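User: I would like a close look at one part of this model. Please keep the answer brisk.

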Amino acid sequence: MAWIVLFVAGLFEIAWAIGLAYSDGLSKPLPTLGTVAALLVSMVLLAHAVQELPVGTAYAVWTGIGAVGTTSLGIVLLDEPATLARVAFIGVIVVGIVGLNLTSGGH
């Protein structure tokens with residue numbers, strides 16, 4: 001269950017990171033509110049996940065999910081470059097996330 005909570009926390013991390021772009025430097029009230037709400041949910045879920053998972057592993061997976069998702073959505077939604085190198089390095093992060101999941105036990 002902790003891995004599912006951690007995955008959802010990572011999705012909310014993606015939401016707040018992308019929200020930063022849409023909030024225009026936190027100057028637009030509605031996108032800013034959504035960004036802050038997503039940040040809070042992400043942190044609360046991460047805190048719950050680390051009750052059962054090693055904190056280093058959970059944090060690395062959480063940031064990895066955020067990095068992969070945010071970079072991918074940046075390409076799709078924000079016209080960020082989709083070079084072969086960027087896509088390859090996103091793949092490396094995914095391999096790291098999967099590896100941490102496969103090799104991590106509880107505390």
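Which residues have the most contacts inside the largest nonpolar core, and how many residues does this core have?

Analyst: This is a predicted model, in which local features need pLDDT of at least 70 and side-chain atom pairs count only at pLDDT 80 or more, while totals for chains, interfaces and linings use all residues. Residues are numbered from 1 along each chain as its sequence is written, and side-chain values use heavy atoms, with hydrogens and water left out.

The largest nonpolar core has 16 residues. Leu6 and Leu53 have the most contacts inside it. Such a core is a set of buried Ala, Val, Leu, Ile, Met, Phe, Trp, Tyr and Cys residues joined through side-chain atoms within 4.5 Å. Buried means under 20% relative accessible area, exposed over 50%, and partly exposed in between (1.4 Å probe, protein chains only). At least two core residues come from each of helix H1 (2-22), helix H2 (29-49), helix H3 (55-77) and helix H4 (84-103). Helices here are DSSP runs (H or I, at least four residues), numbered from the N terminus, and strands are runs of E with at least two residues.

Now take helix H2, which holds Ser42. Ser42 is buried, at 0% relative accessible area. Beyond its neighbours within four places in sequence, Ser42 is in contact (heavy atoms within 4.5 Å) with Ala9, Phe12, Glu13, Trp16 and Trp62.

Asp24 sits in the loop between H1 and H2, with phi near 55°. Asp24 is partly exposed, at 49%. Asp79 lies in the loop between H3 and H4, with a positive phi of about 55°. Asp79 is exposed, at 73% relative accessibility.
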